[in-house]
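Work through these exercises with the model open beside you. Try each task before you read its solution.

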Amino acid sequence: MDVRSQISMVFHLDKCIGCHTCSVACKNIWTDRKGTEYMWWNNVETKPGTGFPTKWEDQEKYKGGWEKKNGSIQLRSTGKGRVVPNIFHHPHQPSMNDYYEPWTYKYDELFNAPEGNDQPTARPISMVTGEHMDIEAGPNWDDDLSGSPVYAKNDPNFKNLTAEQQAQLFAIERLVFFYFPRICNHCLNPSCVASCPSGALHKRGEDGIVLIDQEQCRGWRSCVAACPYKKTYYNWQTGKSEKCILCFPRIESGQAPACFHSCVGRIRYLGVLLYDADMIDDVANTPDDQLVEAHRAMVLDPNDPEVIRSAQANGIHDDVIKSAQKSPVYKFVKEWGIALPPHIEYRTLPMLFYVPPMLPVMTTMDGDAKKNMNEGLFPDFDKARAPMEFLANLFSAGNTGKMRYALKKQMAVRQYRRAVTVGDISMEAALKMLLEADCSVEEAEGIYKLTSLCTFDERFVIPPAHREEAIEMMKDPLEHKQEVGFGLREEPERGA
Amino acid sequence: MAENITSFDYLNLFLFTILPYVALFTFFLVTIQRYRGRGFTYSSLSSQFLENKMHFWAMVPFHYGILVVLFGHLIGFLLPAQVLAWNSEPMRLYLLEITGFIGGIFTLVGLINIMVRRLSDARTKMVTSTADWVVIGILIFQICTGLYTAIFHSWGSSWFAASMSPYLWSIVKLSPEIAYVTPLPFFIKLHIIGAFAMIILFPFTRLVHALVVPNPYLWRKPQVVRWHWDRKKIRTTEFKIER
């Protein structure tokens, strides 16, 4: 057992209101420089929709992630053998047109325009060329455009939906959508790292954050093609790739990342998961339908004495172990089993999990009668507006069983709380639902509390980084203290 | 002898004995200094992201072409005797010459496409610096004089092995034998001088990306993990964190 710690995340989609505050917080801190204008390390997509970059989930086009081949897994884009012949022109590289051309407006024309009969206008100009341009796409271009034949219709997650199910998603007055906020998943088997020819991409051993060493990056852009989530971006100005750094300077000083901190809907949870790194290869090679379970099995119980011993032996700090025991992510993912990994079939083992949304209006109308219950106690999830297969394609590699479990449990908790607070549902029925949903009363209370009443400290359980001890191990702390903040750091300037 | 020295000889002396050392000295000093001091500037500076179609027709012929050409020169330099032995059979000589020539044509086609692309695509134009144009200029110069030489001073693979290789080795051995190159035709001399100029320009331009080609990738493990704690130290019993 090779125990490692990983800063992991849960996004509770039922709570996301699609306000994009997270995206803006991130943009203001990290990606407002030249060459990064088009990057959205954090973005919020409307699902069904094509996402950002357009159709990023279509791996026939982008060749991201891993594929099972001859009993092992291989990078879909460029493995070792293919990196050399393809280095001069990467065949699966997205271009700026797949994202959008960033622009601003010539605001001074509003003031400087000569007197005339027309209102002065601020025309859009490209932030790349500085020329006037026609805007054809932009960030969140398909925001809220579910039901649109241009965007939603091309959602790659429709691939194995029947024509009837697809039609249902586009029927008038039956439209449905939810928000899908995305950041780097800081995967356990990151294909970006495995594809980097320069060895610039790496995973930090202590907390599992995936970073690009800017000095070592040579701009080959293999990571951009290899990341199935398209969460590494190429800075066309500096000639280096960049990605979400999970605000590690904030994490190291005990603060939640900016997108987490600013989240209005409080949908985000962050905490440590302990996992067994020896299992990575085997889990990444599991058949599709068992992936969710195998991935979950890698996550170790932080209260198990055996695990604690191995963790300590592996150099994991006691404070990190303590923090793992309080991790909200552990509860959502492992104890309750209601948080699922996005597109685990890409086999990168993402460490950002999603609590699937109870899509609005489970009810269907049968004439004038509200018809939301099937034979048993639960609403008929198969008759919900968004087909179960669609959600399962997104969050559980098509495994509808896992998706149904997560939704059923959430629904049971809701009904139980309704029985407690409103009382129009009998407690007996509520308890029966809980039982059917594999949920105890304590668990239901736990889910309710962490979903609805969670405080800042319950949502973000950030282990102390103990930089002071790390420094002590490497060198004399006094010497270090005298050194830091001095010397010349190189400016991130484009080479000639 | 002294009274026979002309200004032309002085020029030869400068171009073929001093210039190569200036070039090599600059090359090593600046590349190393740049790598250590301004490592961030080492990048392929790819513009495929900005323009993805013409890019293929520019980059692929250029890079494969220039690899063949450079590799050819390198073989002639390192293995002159073997090249001469190989060329003793006319068919093999033709094969070698044609391969090199096709490589040169590919390079030229690629370079022309590079120029067209960088002039016609608005976005790519924005990331094209003066240094880039200098690089393109010197490469065009080199490939044109090189192709001219290949056509009008044919069987270069043989005479390169016989006269250029010993000359280059004499530079390496720090006793330049200028007599190998002074009798060469004008265009060949231009080509040699262009090569030295390119070596001087190399460390100041984007050409440095050729030095950071990703060879370690081929034998490293796919996943890279960096530790900021000393895990070995923490595993031993001597180091105990006070908690």
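**Exercise 1.** How many bridges join E1(A) to strand E12 of chain A, and do they run parallel or antiparallel?

*Solution.* Start with the source. This is a predicted model: local features need pLDDT of at least 70, side-chain atom pairs count only at pLDDT 80 or more, and totals for chains, interfaces and linings use all residues. Residues are numbered from 1 along each chain as its sequence is written, while chains are lettered from A and ligands numbered from 1 in the order in which they are written.

Next, the terms. Strands (E, at least two residues) and helices (H or I, at least four) are DSSP runs, numbered from the N terminus. Two strands pair if DSSP finds at least two bridges between them.

Now count. Nine bridges join E1(A) to E12(A), residues 268-276, and the two run antiparallel. Take one pair: A:Ile7 has A:Val272 as its bridge partner in E12(A).

**Exercise 2.** Which way does E1(A) run relative to strand E14 of chain A?

*Solution.* E1(A) and E14(A), residues 352-355, run parallel, joined by four bridges. Within E14(A), A:Val355 stands opposite A:His12.

**Exercise 3.** Are the faces of E1(A) covered or open?

*Solution.* First, the rule. A residue is buried if 20 or more other C-beta atoms lie within 10 Å of its own, exposed if 12 or fewer, and partly exposed in between; C-beta atoms are placed from the backbone. In a regular strand, side chains alternate between the two faces of the sheet.

Then check each side. One face holds A:Val3, A:Ser5, A:Ile7, A:Met9 and A:Phe11, all buried. The other holds A:Arg4, A:Gln6, A:Ser8, A:Val10 and A:His12, also all buried. Both faces are covered. In total, ten of the ten residues of E1(A), 3-12, are buried.

**Exercise 4.** Which helix of chain B gives the most to the side that touches chain A?

*Solution.* Residues are in contact if their C-beta atoms, placed from the backbone, lie within 7 Å. The contact takes 50 residues from chain B and 44 from chain A. On the chain B side, elements supplying at least two residues each include helix H2 (54-78) and helix H5 (122-126). H2(B) gives the most, with five residues.

**Exercise 5.** Which residue of E1(B) is the bridge partner of A:Arg204?

*Solution.* Two bridges join strand E8 of chain A, residues 201-204, to E1(B), and these strands run parallel. The partner of A:Arg204 is B:Arg226.

Methods:
Contact = placed C-beta atoms within 7 Å.
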